[in-house]
Amino acid sequence: MIKDKMIAMLLAGGQGARLKQLTEKNAKPAVHFGGKYRIIDFALSNCANSRITNVGILTQYQPLALSMHIGIGGPWDLNRHKGGVEILPPHMTTEGGQWYDGTANAIYENLNYIDIQDPEYVLILSGDHIYKMDYRKMLEFHIEKEAAVTISAITVPLYEASRFGILNTREDGSIYEFEEKPKEPKNDLASMGVYIFDWKILREWLIKDHDNPDSFHDFGKNILPGMLEEGRRLYAYNYAGYWRDVGTVESYWQSNMDLLDPENTLNLFDEDWRIYTKNYDVPPQYLSETCHVERALINEGCIVHGNIKNSILSTSVVVEEGAYVEDSILLPGAHIGKNAVLKRVIVLSHEDVEEGTKLGDGEITIFGSVDHGLIL
Amino acid sequence: MKMKVAGLINLGERETYIKELTQFRPLATVPFAGRYCLIDFMLSSMVNSDIENVSILVKDKFHSLNDHLSFGKWWDLDRKTGGLRVLYPDIKEETAFEGDLQRLRSNLLYFEKMKVDHILMTRSNYVGNIDFKSAFAIHAQNDADITVLTKNVKNGKTRVDLLGLDILMKDGEKVYIGRNLGNQQEFELGIEMYFIKKRIFLEIVREALEEGRESSLSGAIKRRLQSYKVITHSLEEEVLPIYSMQQYYNASLRILETEHAKELFYKNGNIFTKTKDAPSSLYMSGSQVKNSLVANGCVIQGTVENSIIFRNVHVGKNAVIRNSVVFQGANICDDAQINFAVLDKRSFIGNGRVLMGDGGLPYFVGKGARIL
């Protein structure tokens with residue numbers, strides 16, 4: 001069983017600075033997404049649905065909303081006696097202490113945690129991506145190929161390939177070259193930042209890498225190319241399906257808008273692969289006599305008197321009469337005053353758009369100075 | 001400081017007039033308000049009033065109840081100290097199924113050991129968001145043996161829906177519980193909620209069991225009211241009894257009144273329930289939703305007006321739902337028309353089918369029924 005063989009380490013300490021006000025006071029994994037979720041819910045639910053019951057979550061940047069959201073892991077069935085979820089922040093030692101310095105360093109600093117679990121395989125995940133994936137199938141592939149590392153990869157348009165870590169592979173999926181954000185990409189197969197390592201091999205490498213003063217302690221820049229150079233078996237696991245790195249305001253907005261298409265391949269309505277999240281115990285949404293709603297995803301607790309078109313309304317949003325909201329994302333607790341007009345606007349949580357305000361001029365506008373990511 | 005009170009929710013309410021909805025479930029777990037069960041309102045009111053020890057005296061149809069309660073986790077009642085306890089009848093006792101008084105018998109020791117001084121005895125089928133803290137303060141200040149909670153009714157003669165329910169009668173200082181026959185215009189409605197000193201509660205239960213003439217717990221208490229120091233307290237909150245299909249339907253549609261909904265869902269704290277992890281609801285092009293309460297997980301293409309739509313309901317193209325209550329997982333196909341109806345869980349209404357009830361008596365479609 002996967003349960004005892006493989007544990008997951010989820011990197012959730014990044015800032016995601018390109019998300020601007022969304023991540024100024026909140027970690028990217030805790031940013032609200034798709035009406036009721038946060039970005040990290042996708043990776044955590046993938047773990048739950050893949051029956052991975054040991055998940056270490058590495059936090060660093062603005063962890064409050066994130067830690068409160070995860071709690072003891074109840075929504076993902078990770079509130080367990082054996083295994084379960086563990087939040088792993090940077091810590092002091094007798095030699096002093098330091099912040100996590102690179103993705104590989106973050107794992108290195110928690111060698112103890114992994115040793116206690118004594119897994120055969122370690123799944124490295126990022127809390128930044130929107131996708132559904134059965135990690136069990138990836139592990140089967142990893143075992144079948146007798147790989148040291150398996151990297152989940154997705155085909156991207158060639159013109160975008162220079163934004164990603166690109167895997168150059170042979171026909172059988174084995175990787176012969178690894179290029180981090182190449183200027184002239186040779187291939188369109190991008191790393192999704194999802195890795196399965198044989199723990200013994202990774203453990204050796206983490207220690208070796210830690211002792212190397214020239215290393216950035218990064219999986220993409222150091223560990224993976226290093227292993228390849230050493231002649232280890234690296235394989236690309238081809239993933240086909242919805243996957244988005246919502247790293248910019250535009251991609252965040254677009255990925256939310258994708259959910260309005262009932263045929264979208266992420267399919268949140270799939271009962272066999274539920275995305276789990278914390279529940280806020282609010283009543284169903286109320287759509288009043290005066291509202292007009294066309295193409296919208298609306299969450300519990302909302303009260304809608306106004307007009308909504310092509311928009312996402314998160315938990316407990318209120319839209320007053322006569323307001324017009326189009327192509328917009330309203331985060332939890334946002335209040336849209338009477339006759340306000342919003343086009344392509346992201347309203348941060350608990351912000352109040354006053355009566356009659358007109359917002360949005362074609363570019364995606366963020367309304368509100370800062371989002372703490374909390375649901376009150 | 002937490003209250004020194006334990007809750008006791010006594011199920012086994014009369015289901016004669018709401019048989020359709022209680023065939024497979026007790027009244028306690030009859031779905032209500034899009035995502036709740038009736039008992040959620042009582043459990044949440046208790047928990048929000050700092051009552052951390054709640055017992056549920058059950059009668060039958062345990063399956064639905066167990067499924068919903070999940071050891072009390074949704075109400076923070078999965079505790080080492082206090083928490084939720086379901087009191088089952090002891091099947092070894094021949095009299096176990098006679099009445100709630102007998103069902104309570106095998107659990108009396110539990111009440112004795114409980115480290116509380118008072119018991120709040122209620123039913124599961126009154127919908128309200130009740131502040132028991134204030135009510136208890138009055139009970140405690142007056143050092144009453146029993147405090148009878150009531151709800152004031154001003155238009156009794158026209159309230160057909162309240163016929164046959166408890167009514168508070170007074171003879172000087174003495175308090176009686178009678179039956180409402182519709183003769184009084186203004187009265188205090190008995191809502192079957194009592195604060196009782198634990199000592200008195202045990203005394204009454206023992207005495208009634210000893211005498212052996214009674215089978216009803218509430219009857220035993222009502223008959224002995226004159227022997228104790230009894231006060232009454234009229235609740236300000238809206239409290240709606242659900243004993244009949246008509247009451248159920250009316251109470252359901254009343255949630256569409258904004259002020260009522262605000263009180264019911266938020267006033268003394270949120271209402272907690274079992275979560276189902278459905279995504280937000282998707283409204284597609286062509287959907288027309290007006291004055292309706294819609295839970296998560298729905299996909300709506302058609303028209304919904306003046307209705308309560310539970311979780312995971314699909315409403316097809318050009319389908320029209322009006323003045324109706326549609327339970328979880330129903331599938332309303334294209335062009336179907338539904339008016340004045342209550343559709344139980346996972347019902348399937350085929351293309352173009354027409355179901356019409358009447359405001360006086362909603363059309364009922366049973367659990368899992370398929371109308372092709």
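Guide: Two residues are said to touch, or to be in contact, when they have heavy atoms within 4.5 Å of each other. This is a predicted model, in which local features need pLDDT of at least 70 and side-chain atom pairs count only at pLDDT 80 or more, while totals for chains, interfaces and linings use all residues. Residues are numbered from 1 along each chain as its sequence is written, chains are lettered from A and ligands numbered from 1 in the order in which they are written, and side-chain values use heavy atoms, with hydrogens and water left out.

The account begins with a residue in a strand. Helices (H or I, at least four residues) and strands (E, at least two) are DSSP runs, numbered from the N terminus. V153(B) belongs to strand β8 of chain B, residues 146-153. With a relative accessibility of 5%, V153(B) counts as buried; that word stands for under 20% relative accessible area, exposed for over 50%, and partly exposed for values in between (1.4 Å probe, protein chains only). Leaving aside residues up to four places away in sequence, V153(B) touches R159(B), L162(B), Q185(B), E186(B), F187(B) and L189(B). Y88(B) is 65 residues from V153(B) in sequence, and their C-alpha atoms are 35 Å apart in space.

Beyond residues up to four places away in sequence, N10(B) touches L57(B), D100(B), T122(B), R123(B) and L217(B).

In α9(B), the buried residues are H260(B), A261(B), L264(B) and F265(B). Viewed down the helix axis, they fall within an arc of 110 degrees, so they line one face of α9(B); the arc is that of the directions from the helix axis to the C-beta atoms.

Charged pairs come next. Side chains of opposite charge can pair when their charged atoms come close. K262(B) is partly exposed at 44% relative accessibility, whereas E259(B) is exposed at 58%.

Another salt bridge links K274(B) to D67(B), with 3.3 Å between the closest N and O atoms. K274(B) lies in the loop between α9 and β14 of chain B and D67(B) in helix α2 (residues 62-69), so the pair ties together parts 207 residues apart in sequence. K274(B) is buried, with 17% relative accessible area, and D67(B) is partly exposed, with 45%. Elsewhere in chain B, E207(B), E211(B), R213(B), E214(B), R223(B) and R224(B) form a network of salt bridges.

Chain B gives 39 residues to the contact and chain A gives 35. The area buried between them is about 3,000 Å², with 50% from carbon and sulfur atoms; this is the accessible area (1.4 Å probe) that two parts lose on being put together, summed over both. Between the chains there is 1 salt bridge, and R35(B) forms a salt bridge with E300(A), at 3.0 Å between the closest N and O atoms. There are also 21 residue pairs in polar contact, both residues at pLDDT 80 or more. On the side of chain B that touches chain A, α9 (258-266), β14 (281-283), β15 (288-290) and β16 (292-294) of chain B each supply at least two residues.

N296(B) shows this meeting in detail. It sits in the loop between β16 and β17 (299-300) of chain B and is buried, at 1% relative accessibility. Its side chain makes a polar contact of 3.3 Å with that of Q285(A) and one of 2.6 Å with that of N299(A). The residues that N296(B) touches include K36(A), I298(A) and E300(A) from chain A, and P279(B), S280(B) and R311(B) from chain B.

Methods:
Salt bridge = Lys/Arg side-chain N within 4 Å of Asp/Glu carboxyl O. Polar contact = N/O pair within 3.5 Å; in protein donor to acceptor, adjacent residues only side chain to side chain.
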